[in-house]
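Dear colleague,

Please find below the sequence and structure that I am handing over to you. My notes on what was found follow directly after them.

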Amino acid sequence: MNKKISRQLEDIERTEKKMAELQVHLDEVRESLKTDEDEEIVRSFRSMNVTGWELLAMLDGIQNGTVKFIKEDVPVQGKGQETDQGTDKKKDVSKEQVPDEAPESEDNNYGNEN
């Protein structure tokens, strides 16, 4: 067989093996990212100062699409830039989204100025 063709076939086999290894690595990195994102979501919700009913109402609103999230510009941390990492951003949840069986409280508006 031609040496050039033989080398090309070997190169193809090596490349396919590397691609398979990289695909496994990519899948592992994606799974790790998902786990880290899930942990961050849990930390965010646990850091909120809400009652069980309010949390339930907010999660229900997220699932059915009635909760509005306000996107705020957050500076990207880089050389010479400072970020305000300690501030909690509250979600925009209106009183109408709290279920009837939830007790009313003064904090139900989560920062709304209604």
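Arg 43 has a relative accessible area of 48% and is therefore partly exposed; the term covers the range between buried (under 20% relative accessible area) and exposed (over 50%), with a 1.4 Å probe and protein chains only. Please note that this is a predicted model, in which local features need pLDDT of at least 70 and side-chain atom pairs count only at pLDDT 80 or more, while totals for chains, interfaces and linings use all residues. Residues are numbered from 1 along each chain as its sequence is written, and side-chain values use heavy atoms, with hydrogens and water left out.

Salt bridges

Arg 43 forms a salt bridge with Glu 40, and their closest N and O atoms are 2.8 Å apart. A salt bridge here is a side-chain nitrogen of Lys or Arg within 4 Å of a carboxyl oxygen of Asp or Glu. Both residues lie in helix α1, three residues apart, which is about one turn of the helix. Helices (H or I, at least four residues) and strands (E, at least two) are DSSP runs, numbered from the N terminus. Glu 40 is partly exposed, at a relative accessible area of 42%. The side chains of Glu 40 and Arg 43 also make a polar contact, at 2.8 Å. A polar contact is a pair of N or O atoms within 3.5 Å; within protein, one must be able to donate a hydrogen and the other to accept it, and residues adjacent in sequence count only if both atoms are side-chain atoms.

The count of salt bridges comes to three. Another joins Lys 34 to Asp 38, with the closest N and O atoms 3.1 Å apart. Lys 34 and Asp 38 are four residues apart in helix α1, so about one helical turn separates them. Lys 34 has a relative accessible area of 44% and is partly exposed; Asp 38, with 34%, is also partly exposed.

Asp 11 and Arg 14 form a salt bridge as well, and here the closest N and O atoms are 3.5 Å apart. These two residues are three apart in helix α1, so they too are separated by about one helical turn. Asp 11 is partly exposed at 40% relative accessible area, and Arg 14 is partly exposed at 46%.

Helix α1

The 45 residues of α1 should span 66 Å at 1.5 Å a residue, and the end C-alpha atoms are 65 Å apart, which agrees. The expected span is 1.5 Å times one less than the number of residues in the helix. At the start of α1, a side-chain oxygen of Asn 2 reaches to within 2.9 Å of the backbone nitrogen of Lys 4.

Leu 9 is found in this helix, which comprises residues 3-47. With a relative accessible area of 42%, Leu 9 is partly exposed. Together with Met 1, Ile 5 and Ile 12, Leu 9 makes a nonpolar surface patch of about 440 Å². Patches are made of residues with over 30% relative accessible area and no salt bridge: like charges are joined within 9 Å, and nonpolar side chains (Val, Leu, Ile, Met, Phe, Trp, Tyr) within 5 Å.

Phe 45 lies in helix α1 and counts as partly exposed, at 22% relative accessibility. The C-alpha atoms of Phe 45 and Leu 59 are separated by 9.6 Å, and the two residues are 14 apart along the chain.

Glu 54 belongs to helix α2, residues 52-64. Is Glu 54 buried or exposed? At 6% relative accessibility, Glu 54 counts as buried. A polar atom of the Glu 54 side chain lies 2.8 Å from the backbone nitrogen of Thr 51.

The protein as a whole

The protein has two helices and zero strands. Of its 114 residues, 13% count as buried. Its accessible surface comes to about 10200 Å², and 51% of this belongs to carbon and sulfur atoms; such areas come from the Shrake-Rupley method with a 1.4 Å probe, and for residues only the protein chains shown count as cover. Among contacts with a separation of 6 or more, 43% come from residues 24 or more positions apart.

With kind regards

Note on methods: Contact = heavy atoms within 4.5 Å.
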